[in-house]
Amino acid sequence: MSIDIKYFASLRDRLGRAEDRLDAATELTVAEVWAALWLDRPLPPNTLTAVNMEYAELTQRVRDGDEVAFFPPVTGG
Amino acid sequence: MKIELRDAPFDPLVELGRYQNTLTGLHGQYGATAIFIGTMRDFNDGATVQEMTLEHYPGMTERHLQRIVEAAAREWPLLDALVIHRVGALQPNDPIVLVAVWSAQRAAAFAACRLIMEELKAKAPFWKREETAAGPRWVAHNTPS
């Protein structure tokens with residue numbers, strides 16, 4: 001299955017890219033998507049996650065074609 | 001109800017007047033209009049801020065703004081609401097956000113305006129990047145009030 005990943009703001013700057021694509025043989029959780037891409041690099045504290053533009057827990061399962069996003073706390077308004 | 005992102009400066013009072021003029025069907029019904037305008041300061045967290053960039057998550061931001069306004073309208077008897085939020089490059093004194101709500105009476109108008117603004121700050125995916133004399137920096141978190 002194929003998953004699109006997006007990074008925003010300071011996290012994108014730290015990672016050096018805005019997007020990834022992950023092809024996985026098995027179903028993954030949000031946390032496992034991060035781990036598959038960034039290996040031993042832990043998810044920075046306070047990082048927020050979304051699946052298909054809805055806030056998601058790290059334990060949420062990701063399906064084929066989903067868009068997973070990782071970003072820092074929001075600071076609008 | 002209208003929710004809009006703008007990538008260029010806007011005048012919140014002009015927008016407010018223009019939108020209210022379209023609410024002809026509500027004439028005589030609303031007795032209270034509450035508004036909040038957020039404006040860019042030239043200082044933050046101990047530094048002078050020369051410029052700011054507002055990034056967002058296209059699609060998710062609009063969806064959550066819509067949902068926030070709908071939730072406020074379920075909690076309070078609102079007649080209409082308008083939210084305009086900037087993205088892109090801003091200069092000090094540029095308006096960042098306008099929230100306006102129309103209701104029959106003030107309690108609902110004040111409360112809903114506050115609720116929309118607080119929820120926007122907590123949940124809408126926007127991020128501020130400031131240009132300071134020491135270089136650019138991302139705003140790590142919003143002020144609590």
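# Notebook: chains A and B, predicted model

**Sheet of chain A.** I began with the sheet in chain A, an open one of five strands in the order S2-S1-S7-S4-S5, with mixed pairing. Strands S2 (19-23) and S5 (54-55) of chain A are at the edges with a single partner strand each, so one side of each has no neighbour in the sheet. I note here that the model is a predicted one.

I then looked at one pair in this sheet. S1 of chain A, residues 2-7, pairs with S2(A) in the antiparallel sense over five bridges. I took one position from it: Ile5(A) has Asp20(A) in S2(A) as its bridge partner.

**Chain A as a whole.** I counted two helices and seven strands in chain A. Their pattern along the sequence is β-α-β-β-α-β-β-β-β. The radius of gyration of chain A is 12 Å, close to the 11 Å from the globule rule for 77 residues, so chain A is as compact as a globular protein of that length. I also took the extent of the C-alpha trace of chain A along its principal axes, which is about 40 × 25 × 20 Å.

For burial, I found that 29% of the 77 residues of chain A count as buried. For contacts, I took those in chain A with a separation of 6 or more; 53% of them come from residues 24 or more positions apart.

**Helix H2 of chain A.** I asked what this helix lies across. H2(A), residues 30-38, lies across S1, S2, S4 (48-51) and S7 (67-71) of chain A. Its direction is at about 100 degrees to S2(A).

- Ala9(A) is not a glycine, yet its phi is positive at about 55 degrees. I placed Ala9(A) in helix H1 of chain A, residues 9-15. Is Ala9(A) buried or exposed? Ala9(A) is buried, because 23 other C-beta atoms lie within 10 Å.
- Met53(A), also no glycine, has a positive phi of about 70 degrees. Met53(A) sits in the loop between S4 and S5 of chain A. I count Met53(A) as partly exposed, because it has 18 C-beta neighbours inside 10 Å, and a buried residue needs 20 or more.

**Sheet of chain B.** I moved to chain B and found an open sheet of four strands, in the order S1-S5-S7-S2, with mixed pairing. S1(B) and S2(B), the latter at residues 32-39, are the edge strands, each pairing on one side only. Neighbouring strands of this sheet are turned by 5 degrees against each other on average, direction ignored.

I went through the pairs in the order of the sheet.

- S1(B) and S5(B) run parallel and are joined by five bridges. Lys2(B) stands opposite Leu82(B) in S5(B).
- S5(B) and S7(B) run antiparallel, with seven bridges between them. Ala81(B) has Val101(B) in S7(B) as its bridge partner.
- S2(B) pairs with S7(B) over eight bridges in the antiparallel sense. Ile37(B) has Leu98(B) in S7(B) as its bridge partner.

I also checked burial in S7(B): nine of its nine residues are buried.

**Helix H2 of chain B.** I took the length of H2(B), residues 60-75: its 16 residues reach 22 Å from first C-alpha to last, close to the 22 Å expected at 1.5 Å a residue. Which residues of H2(B) are buried? I listed Met60(B), Thr61(B), His64(B), Leu65(B), Ile68(B), Val69(B) and Ala72(B). They cover an arc of only 160 degrees around the axis, so they are on the same side of H2(B).

I then looked at what covers these buried residues. The cover includes S4 of chain A. From chain B it includes S1 (2-6), S4 (47-56), S5 (78-86), H3 (106-123) and S8 (126-132).

**Contact between the chains.** I counted 23 residues of chain B in contact with 13 residues of chain A. On the side of chain B that touches chain A, at least two residues each come from S4, H2, S7 (95-103), H3 and S8 of chain B. H3(B) gives the most to this side, with four residues.

Notes: Residues numbered from 1 in each chain as written. Chains lettered and ligands numbered in written order. Predicted model: local features only at pLDDT ≥ 70, side-chain atom pairs only at ≥ 80, totals over all residues. Rg over C-alpha atoms; globule rule 2.2 N^0.38 Å. Buried ≥ 20, exposed ≤ 12 C-beta atoms within 10 Å, placed from the backbone. Contact = placed C-beta atoms within 7 Å. Pairing = 2+ DSSP bridges. Axes fitted to C-alpha atoms, helices over the stretch in contact; angles between N-to-C directions. Expected span 1.5 Å × (residues − 1). Arc of directions from axis to C-beta.
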